[in-house]
Amino acid sequence: MPARATGRRVLHVTSVAVTADTAGLLLSVFLASAVEFVEALTIVLAMGVTRGWRSALAGVAAAVAALAAVTALAGYALASWLPESLMQLVVGTLLLIFGLQWLRKAILRAAGLKAHNDEDETYREEVAAGRGAASERRLGVDWFGFVVSFKGVFLEGLEIVFIVITFGLNADDVPTAAAGAALAGVLVLGAGAIAHRPLARVPQNTIKFAVGLLLSTFGTFWAVEGLGVFAAGGESLQWPGGDAALPVLLATWCAFAWVAVRVLRAGSVAGEDVHGGEATAAAR
Amino acid sequence: MRLVRGFGRFWYDFVVGDDWRIALGVVVVLAAGAVVVATGALADQVLAPLLGAAIVAVVSVSLVAGARR
C-alpha cells in the first residue's frame with residue numbers, strides 16, 4: 001500500500017512537471033513569435049498599402065516557402081546528425097547568445113539608454129520608402145514591394161523558426177513549440193487583418209523583456225547541460241534539483257535585470273546631471 | 001564572393017548581434033566548462049551554478065560597455 005501511494009505521488013509530481021514544462025515552452029515560443037509576427041506585419045502592411053497587395057502577398061508566399069524549406073532542412077539535420085548532448089550544447093549555446101542579446105537590449109531600453117521600438121514610426125518609414133521607390137515590374141509583380149515583403153517576412157520568420165527549432169528540440173516537444181508559434185501567428189495576423197494598421201498597441205518592449213528573460217533562462221540551462229558531451233559517459237550535465245533549477249534560473253535572471261535597470265538608470269541620470277552641470281558652467 | 005560575404009554577414013548579425021562581447025564571453029565560459037567537465041575536476045552540482053554565474057558576469061560586462069557608448 002505505501003509503495004502504491006508513493007508511486008501515485010511520483011506520477012502526480014511528474015505530470016505537474018510535464019505540464020509546467022509544456023506551459024513554459026508554449027508561452028516562451030508564443031511571446032517570442034508574436035513580437036516577430038507584429039514586426040513582419042508592419043512591413044507587409046506598408047508594402048501592401050503603397051506598392052499593391054499582389055506584390056506584397058507574393059513576397060509573403062515566397063518567404064513562407066523558403067522558410068518551410070529551411071525549417072525542414074535545419075530540423076532534420078539537427079535531429080538526425082547530432083547526439084543528444086551535443087545537440088543540447090550547440091542549440092543551447094545559440095539560444096543563449098540569442099537570448100542574452102534580447103535581454104541586453106531590453107535592459108538598456110528600460111534604463112533609458114536605447115530607443116524603444118515604435119511600430120507606428122517603423123510603419124511611417126516603410127510607407128515613405130514604398131512611396132519614394134521607383135516602379136519596376138518583374139515576373140508580373142512590383143519588384144520593390146515583393147522584395148521588401150519577402151525580406152521582412154523571411155528575416156522575422158527565421159527568428160521564429162530558430163526559436164521553434166531550438167526550444168522544440170531541446171524540450172523534445174517540437175509540436176508544442178510549433179503550436180505556440182502558430183497560435184501567435186493566427187492572433188497577430190487576425191488582429192492585423194481586422195485593424196488594417198500596425199499593431200502599435202501591443203506592448204512590444206515589455207514582451208521583448210519577458211522573452212529575453214525566458215530565452216536566457218532556457219539557454220543557460222540547456223547550454224550548461226549540453227557540456228555533458230565532454231564527460232566520460234557523454235551524458236547531459238545535471239543542474240542541482242534537475243528541472244527544478246529552471247524557475248531558480250528565471251528568478252535569478254529577473255533579479256539581475258531588475259538590479260541592472262536600476263543601476264544603469266541611476267548612472268545615466270547622474271551622467272546627465274554632470275553633463276548638465278558642465279553645460280551650465282560653460283554657459284556662465 | 002559578394003553573396004558569400006552577404007551570407008556570412010547575415011548570420012553574424014543574426015547570432016552575434018549588437019555586441020560581440022556576449023557571443024565571445026559565452027563561448028569562453030562554455031569552453032572553460034568543457035575543460036572542467038572533461039577533467040572531472042568539479043561535480044555537476046557545483047559546476048553548473050558556477051557557469052551560470054559566469055554567464056551573468058558576461059552580460060554585466062556587456063551592459064557596462066553598452067551604457068558607456
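User: At roughly what angle do the axes of helix α2 and helix α5 of chain A cross?

Analyst: This is a predicted model. In chain A, helix α2 spans residues 53–81 and helix α5 spans residues 143–170. Their axes come within 8 Å, and the crossing angle is roughly 25°.

User: Are α2(A) and α5(A) roughly parallel or roughly antiparallel to each other?

Analyst: Angles under 35 degrees count as roughly parallel. The axes of α2(A) and α5(A) cross at roughly 25°. The two helices are therefore roughly parallel.

User: How many charged residues are in the contact of α2(A) with α5(A)?

Analyst: α2(A) passes α5(A) in a right-handed crossing. The residues of this contact include 21 nonpolar and seven polar ones.

User: What pattern does chain B follow along the sequence?

Analyst: Chain B has zero strands and three helices. Read along the sequence, the pattern is α-α-α.

User: What is the radius of gyration of chain B?

Analyst: The C-alpha atoms of chain B fill a box of roughly 50 × 30 × 10 Å along the principal axes. For a compact globule of 69 residues, the radius of gyration would be near 11 Å. Chain B instead has 16 Å.

User: Which element gives the largest share of the side of chain A that touches chain B?

Analyst: Chain A brings 29 residues to the contact and chain B brings 25. On the side of chain A, the elements that give two or more residues are α3, α7 and α8. The largest share, twelve residues, comes from α3(A).

Notes
Residues numbered from 1 in each chain as written. Chains lettered and ligands numbered in written order. Predicted model: local features only at pLDDT ≥ 70, side-chain atom pairs only at ≥ 80, totals over all residues. Axes fitted to C-alpha atoms, helices over the stretch in contact; angles between N-to-C directions. Helix = DSSP H or I, 4+ residues; strand = E, 2+ residues; numbered from the N terminus. Parallel < 35°, antiparallel > 145°, perpendicular 65-115°, else oblique. Left-handed = near helix turned anticlockwise from the far one by under 90°. Nonpolar A, V, L, I, M, F, W, Y, C, P; charged D, E, K, R; others polar. Rg over C-alpha atoms; globule rule 2.2 N^0.38 Å. Contact = placed C-beta atoms within 7 Å.
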